Amino acid sequence: GLVLGEKEAWRMLEPMLTGGEVGDVFTAAFVALDSGDTARIDLLIKTFVQADGDIFEGIRHALRNSSYPEIERIVRSCLIAEKRAVQSAAVDVLRFRRLPVEIGQLQSLLTDDDPHVVASAISAVGRLRVLQLKGQVEQSMSSSDPYIRLEAMRTGLLLGSQQALSHCRKAIRDRSEEAKDALILLGLAGHSEDNPFIIEAVTDPSLSRNAITAMRLMGNLSSMDILLRLSANPELSRLAGEAISMITGVNIVAEKFVAEKPVVVESGAIEEAIEEIKKENEEEEFIEDPDEDLPFPDPGKLESWWRKNATCFDKNLRYKRGQ
């Protein structure tokens, strides 16, 4: 509607481009690009190369998602900007749109002093599968900055790095800042030898939710016994039930495996999960219960179903929804 509003809509949007919140800036930038109007686009680029904070992020997201035909030319012009943050954002946009980036440009950003610039370059190396820079990415796994280490591990896995797997395991063993994300990465990587490692992490209250998610992603049947036990844990039962459903394909609601009596959930773990979500979102509105849309499973019915159907599954395979 704002695109169709043309000049009238732009009168409302133009002030937002230079002084709104992220969503406002994104909308104004997206409409400016979609209009193809040279003056609006020039204002957008001038604002972008000088901005920071919400204005910078709003324009970056618009550049990522715009369908403007000349978007690549605009973004590549930002690769020679004076500010390294602008160069990094341009690389991020090209990465997001899967457009090639010169190896020299990536190498330059990988040695920057700003960890966010380095992490952005590392992410681009992974998404664009730049195997020539695998060695530099592996070096970054030992960075003192947890943000860089995490991006390096994620990119390393995309490039087939065995070191990335080792660093994920080490992060979990050391309970470092990236341990929660490292669990998810191991689950996605899907190496069966990591399953006992993931199962062990369930015993740590700070990692239990991520460990259950990792089991779901791993899709290995050796997790079923622990997931069935966790389905009787009031604080983790719904998450465990979802994992069982995602691995085996059993529909807990359709099969009437939902607990008949409401389960009393102790507040401790839920409050902790809420705080994590608040920190991640950094917004006033947040999900009060991370599992509110999931049913409470009946542990007895689930276990009985599994004992009858376990032989239908091959323990050597990974499963998703029973496939």
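## A tour of the model, stop by stop

Start by selecting Trp305, Trp306, Phe313 and Tyr319, which ring pairs link into a cluster. Rings of Phe, Tyr and Trp (its six-membered ring) pair if their centres lie within 6.5 Å; planes under 30 degrees apart count as stacked, over 60 as edge-to-face, and the rest as tilted.

Before moving on, note that this is a predicted model, where local features need pLDDT of at least 70, side-chain atom pairs count only at pLDDT 80 or more, and totals for chains, interfaces and linings use all residues. Residues are numbered from 1 along each chain as its sequence is written, and side-chain values use heavy atoms, with hydrogens and water left out.

**Aromatic pairs**

The count of aromatic pairs is five. Select phenylalanine 26 and phenylalanine 30. Their ring centres are 5.7 Å apart and their planes are at 40°, so this pair is tilted. Both sit in helix α2 (residues 22-35), four residues apart, about one turn of the helix. Helices here are DSSP runs (H or I, at least four residues), numbered from the N terminus. Phenylalanine 26 is partly exposed at 26% relative accessibility. Phenylalanine 30 is partly exposed too, at 24%. Buried means under 20% relative accessible area, exposed over 50%, and partly exposed in between (1.4 Å probe, protein chains only).

Now go back to tryptophan 305 and tryptophan 306. They form a tilted pair, 6.3 Å centre to centre, with 35° between the planes. Tryptophan 305 is buried at 16% relative accessibility. Tryptophan 306 is buried at 6%.

**Helix α7**

Next, select residues 103-110, helix α7. Its buried residues are Gln105, Leu106, Leu109 and Leu110. What do the buried residues of α7 pack against? They pack against α6 (84-96), α8 (115-127) and α9 (134-140).

**Salt bridges**

The structure holds 16 salt bridges. Each is a side-chain nitrogen of Lys or Arg within 4 Å of a carboxyl oxygen of Asp or Glu.

Select arginine 84 and aspartate 112. Their closest N and O atoms are 2.6 Å apart. Arginine 84 lies in helix α6 and aspartate 112 in the loop between α7 and α8, so the pair ties together parts 28 residues apart in sequence. Arginine 84 is partly exposed at 27%, whereas aspartate 112 is buried at 18%.

Move to arginine 238 and aspartate 289. This salt bridge has its closest N and O atoms 3.1 Å apart. It links distant parts of the chain: arginine 238 is in helix α16 (residues 237-248), and aspartate 289 is in the loop between α17 (267-281) and α18, 51 residues apart. Arginine 238 is buried, at 6% relative accessibility. Aspartate 289 is buried as well, at 18%.

Then select Glu57, Arg60, Arg64, Asp92 and Arg95. Salt bridges link them in a network.

**Last stops**

Select asparagine 195, in helix α13 (residues 195-201). Is asparagine 195 buried or exposed? At 0% relative accessibility, asparagine 195 is buried. Leaving out residues up to four places away in sequence, asparagine 195 touches Met218, Asn220, Ser222 and Ser223. Contact means heavy atoms within 4.5 Å.

Finish with the cysteines. How many disulfides does a search of the whole structure find? It finds zero. A disulfide would be a pair of cysteine sulfur atoms within 2.5 Å. Cysteine 78 is buried at 2% relative accessibility, and cysteine 168 is buried at 0%.

Technical notes:
Helix = DSSP H or I, 4+ residues; strand = E, 2+ residues; numbered from the N terminus.
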